[in-house]
Amino acid sequence: MSDNTGTDFDAIVVGAGFAGIYMTHKLRDELGLRVRTFEKGSGVGGTWHWNRYPGAMADVEAFVYRYSFDKEMLQEWDWKTRYIPQAEILAYLEAVVERHDLARDIQLETGVTAAVYDEDRDVWAVTTTDGGSHTARYLVTALGPLSKTNLPDIPGRDTFEGVMVHTGAWPEDLTIDGKRVGVVGTGSTGTQFVCAAARTAGHLTVFQRTPQYVVPSGNGPVTEEYVAGVKADYDRIWDQVRNSRVGCGFEESQTPAMSVSEEERRRVFEEGWRVGNGFRFMFGTFGDIAVDPAANEAAAAFIRSKIKEIVKDPETARKLTPTDYYARRPICNEGYYEAFNRDNVTLVSVRENPIREITPKGVVTEDGVEHELDVLVFATGFEAMDGGYQVIDIRGRGGEPIQRHWAEGPSSYLGVAVSGFPNMFMVYGPNSAFSNLPPGIETHVEWIAELIGLVEDGDATAIEATAEAEAGWTVTCEETAAYSLFSQVDSWIFGTNIPGKKRSVMFFFGGLAEYRRRLRETAAADYEGFTLHSPRTLPVPA
């Protein structure tokens, strides 16, 4: 439709990470809209701008941790290791921005503080940290699933005289070489940090809250011949990714673990351990590790045996050994358990010996020991999926804040739309498919562009998810979560890492292929679950 609303922009995008960069390109260069993207950071990159901690890298393999939409760039861009470190991912995203001349429509160092829907004009009014006010017909939030850092409230935290930092906001000039370093948290980020810090810190004290199942990453150099082979095979690779469960670029197993002999299971697990990669080990060895307790226990027992084999001190090995389901986000690192064999690494099990307080000199545990530190690192994760929405005053119909709409837990229709918030679209919002992020993000960006195109090509002024569709998708996500063993453990995937936060389903666990199939079915059914709003009759000026 033609713009008769007098808005500053056709679309405002919030965030310039993987999602915001592609969304800006899609809306501006393919739909021909006037777009302004606001990014609170001093550069593009999102997660990969902020997370500069030692050891930061993707743990999905390099050849599928990128965009697929630019086929020429796929052929031009090289990589030298199996996984891409943070600096190279950031350089890649910066190159995409430069290649497509997106910087002229991305406003850096400008966060969004409020976005309010004007029902009379079907327009979003957006306020930014520089005091600016902007209007647009469409609002796209590309906030990222892991953007709001989680800092635990430990007594005395503000008294520490050393350097205190969260891994999600790592200063560029901070070095830990030769220093006494403490790290709280051993999730995906924490274990990456441990592997890197153990090699350079004078002493590293690891305050472990939850023992983790960690498999080797298998990281290392790749040959020019390997890279050339991937490039020649990209059409098949991306087809496989889009038609898989987790979109990580390997063939996922369909074989039930209990359908083979114990000897064969051990052989398959051993091969998976040797090849490396957490997602590959969980989904590529056998097809039911995430859903069948017996299969899960077989995989967990194998990893436990490896911990006992690798870690020399029996007491340290005991503390490192998980006893619950192998059902958190899969983790892989190069040399995680081996790090605890080093003389400069100490493990403190916070479950057995809680942190009592933080002092000017370091951390005091319940046994009365003061662990003196120069640098205290919180690898304590994020308020996932909806955290970024909690810090922006987003108001839909009737002035309803999104925080009130989500009082019982974050919800959406298909992970992209919320009832009562017309023309607002989320890239990888709550209840998106649990998968490798780049192909999941591309799926969302392309779907959102379809929805906006539907409005642009017709006579409507807005499109909105219905309350019934949102409620139905929530039930679907709850059902897929209940089928998965992921629901049987506490983790950020369900928001249980945030004290006092209600446990909620945050993902669709049916797989990327099934999610994409449902999007196609929705489109084929004339976008069932969405309502198009007709233009209002405006009063004729006197």
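The structure holds 32 aromatic pairs; rings of Phe, Tyr and Trp (its six-membered ring) pair if their centres lie within 6.5 Å. This is a predicted model, in which local features need pLDDT of at least 70 and side-chain atom pairs count only at pLDDT 80 or more, while totals for chains, interfaces and linings use all residues. Residues are numbered from 1 along each chain as its sequence is written, and side-chain values use heavy atoms, with hydrogens and water left out.

**View A. Y234 and W238 form a stacked pair.** Their ring centres are 5.9 Å apart and their planes lie at 10 degrees, so the pair counts as stacked; planes under 30 degrees apart are stacked, over 60 edge-to-face and the rest tilted. Helix 7 (residues 234-242) contains both Y234 and W238, which are four residues apart, about one turn of the helix. Helices (H or I, at least four residues) and strands (E, at least two) are DSSP runs, numbered from the N terminus. Y234 and W238 are both buried, where buried means under 20% relative accessible area, exposed over 50% and partly exposed in between (1.4 Å probe, protein chains only).

**View B. F434 and F507 form an edge-to-face pair.** The distance is 5.4 Å centre to centre, with 85 degrees between the planes. F434 lies in the loop between strand 19 (432-433) and helix 15 (437-456), and F507 in strand 21 (residues 507-508), so the pair ties together parts that are 73 residues apart in sequence. F434 counts as buried at 9% relative accessibility, and F507 counts as buried at 4%.

**View C. An aromatic cluster includes Y92.** The charged end of R66 sits over the ring of Y92, 5.5 Å from its centre. A charge sits over a ring if NZ of Lys or CZ of Arg is within 6 Å of the ring centre and within 35 degrees of the ring normal.

**View D. R503 lies over the face of F494.** The distance to the ring centre is 4.6 Å.

**View E. Three strands form an open sheet in the order 13-14-15.** The pairing is antiparallel; two strands pair if DSSP finds at least two bridges between them. Strand 13 (355-358) and strand 15 (370-372) stand at the edges with a single partner strand each, so one side of each is left without a neighbour in the sheet. Three bridges join strand 13 to strand 14 (residues 362-365). E357 stands opposite V364 in strand 14.
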